[in-house]
Amino acid sequence: MKTLGERDEFRNTSSRGTRILGGLSLVGIVFMGLIGLWWSPEDSDMGDLVRIMYVHVPSAWLAYMAFIITAIGSAMFLWKRSVWWDLIAGASAEIGVVFCALALATGSLWGRPTWGTYWLWSDVRIVTTLVLLLMYAGYLALRHVDGDPTQRSKRAAIVGLIAAANIPVVRMSVVWWSNRTLHQKDTVTLGDTKLDNLQLFTLMFALVVFMVLFAWMLLHRFRIAWLESEFEQRGLEEALIERRAESRVEPERLLEREATDRAMRAAEVRP
Amino acid sequence: MWGEITLVTGKDLRIERRSRVGLTQIAPFAVTVLVLFGFALEGDSATLRAFTAGLFWVTVVFTAILAVQRSFTVESVNDNRDALRLSGLDPIAIFLGKAAALVIELLVLEVVLGFVVAVLYGGSISSPGLLGLTAVVATIAVAAAGTIYGVLAASLRVRETILPLLLLPVLAPVLIAATRAFEDALGEVAVNGWSWLVLLTLTAVVYTAFGALAFGTLLEES
């Protein structure tokens, strides 16, 4: 019987599907760099700064998408009580935090030459996005608190849902307090598109690439989380027993190998 | 339902009245924070008056963390939380009762802080109605969120550190909105305080609804 370390599903977290997704996102990022940095024209208002948008906008969208997945995972966990949903929620939140931080960082870099400052306190959307980031940092911290896994999952699920309830507030804030915000009003709106065709294509392409990247990261992170939870449930005990069994098997294997080596050498000598 | 709510609220308020922790520890802490803000801003009366609303609400939010922790520490001794679970009370009633007790405690504290602020920072009120309504609605939002996270953290070994991390970001919108509405009520900044009050009301409703739904599960797990 194969030991824990030898079974294929424990060797790594990749599969045929994730390898394809990984390859696609790598090629996509290279291509995105090419059209984003060279082939697409500069903007009539923003100039070259528009190129930051190709990373900034998809990051922000994906952060929101990740947090929505976390909310769905949380709700499904509370409904179905399946660890699967809890792990999806956790994995998605972790990646969401990364994209959220990326969106804030690229936004700041764009803001410096545009607004003359990295940070604008009067802008409701960036401030609330930061609050969102902090909220999910708390969510991740809660997930790392030791204790009974089921209790932990339930707590995390409820916090995940509460945090999600704030997403609409963030999204709508720019509309509600439009007289108090300097943020770009939704640039991409149906019918009234201000972006050039190639610029719009670049933005949409970047969004697709980021989505593939997100799927790739989510699958890997989920599988790691699943292994962690398996390990937690089965405990160190079992792993130790298997490890001991492995070391007992070892001398027998060595003897076997020696015997076959000897037989082969004998076969070579004979003719 | 109503009877159960007042039962829980009465219990929490009675404990506070008898233990006097709120009066002898939490309120002095809040006043100390206000004094420290005075030192940090170099006692400049113009600056203090301009930022009165924000400083007031930061103090309330910080103090609320202590009050929330207190609200659940009293139940951690002698397995009182188990007793609460076994009492047969509706979890929604327990949630609303505990939150109501917190609202009353915090409102009393806010009145005290209001007098202290008036003395230390100065300033005047131009719209008492907006001020009062904002205080009540914001306090409901703070207490509702506090009660959810309070019970969530109650049984954790890291409760003292995780509670502020979870609660403060959630209270940030309340802080922003309450500050803006207060600024209007105090006549310091020309903003429409009533529209911020709408946001506050929405937040209070969302947190209360969430709390009512989630409290039972969280109490079972605490």
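Okay, let's begin with one residue: V142(B) is buried, at a relative accessible area of 3%, where buried means under 20% relative accessible area, exposed means over 50%, and partly exposed is in between, using a 1.4 Å probe and protein chains only. Before I go on, this is a predicted model, so local features need pLDDT of at least 70, side-chain atom pairs count only at pLDDT 80 or more, and totals for chains, interfaces and linings use all residues. On bookkeeping, residues are numbered from 1 along each chain as its sequence is written, chains are lettered from A and ligands numbered from 1 in the order in which they are written, and side-chain values use heavy atoms, with hydrogens and water left out.

Back to V142(B). It lies in helix α7 of chain B; helices here are DSSP runs of H or I with at least four residues, strands are runs of E with at least two, and both are numbered from the N terminus. Leaving out residues up to four places away in sequence, V142(B) touches A64(B), L106(B), L171(B) and V174(B), a contact being heavy atoms within 4.5 Å. Take L106(B) from that list: 36 residues separate it from V142(B) along the chain, yet the C-alpha atoms are 9.2 Å apart.

Now slide along to V151(B), which also sits in α7 of chain B, a helix covering residues 128–153. How buried is V151(B)? Its relative accessible area is 0%, so it counts as buried. What does V151(B) touch, beyond residues up to four places away in sequence? The answer is F72(B), F215(B), L218(B), L219(B) and S222(B). For contrast, G193(B) is 42 residues from V151(B) along the chain, and there the C-alpha separation is 32 Å.

Let's zoom out to the core. The largest nonpolar core has 122 residues, and the members touching the most others are F99(A), Y136(A), Y139(A), Y149(B), V174(B) and L200(B). By nonpolar core I mean a set of buried Ala, Val, Leu, Ile, Met, Phe, Trp, Tyr and Cys residues joined through side-chain atoms within 4.5 Å. Which element gives the most to this core? That's α7(B), with 15 residues. And V174(B), one of the names on that list, is also one of the contacts of V142(B).

Chain B as a whole, then. The C-alpha trace spans about 55 × 35 × 30 Å along its principal axes. Of those 222 residues, 50% count as buried. Looking at contacts in chain B between residues at least 6 apart in sequence, 83% join residues at least 24 apart.

The accessible surface of chain B is about 9700 Å², with 68% of that belonging to carbon and sulfur atoms; the areas are Shrake-Rupley with a 1.4 Å probe, and for residues only the protein chains shown count as cover. On charge, there are 13 positive and 17 negative side chains, with the centres of the two sets 7 Å apart. Lys and Arg count as positive, Asp and Glu as negative, and His and the chain ends are not counted; each charge is placed at NZ of Lys, CZ of Arg, CG of Asp or CD of Glu.

Chain A next. It has 8 helices and 0 strands, and 42% of its 271 residues count as buried. With a separation of 6 or more, 74% of the chain A contacts come from residues 24 or more positions apart. Its accessible surface is about 15200 Å², 64% of it from carbon and sulfur atoms.

My pick in chain A is T70(A), in helix α3, residues 50–80. T70(A) is buried, because its relative accessibility is 0%. Again skipping residues up to four places away, T70(A) touches A89(A), S92(A), A93(A), Y136(A) and Y139(A).

R81(A), in the loop between α3 and α4 (83–115) of chain A, has phi near 55°, positive in a residue other than glycine. At 41% relative accessibility, R81(A) is partly exposed. Over in chain B, N78(B) isn't a glycine either, and its phi is positive at about 50°. N78(B) sits in the loop between α4 (52–73) and α5 (80–86). Buried or exposed, then, for N78(B)? Exposed, with a relative accessible area of 74%.
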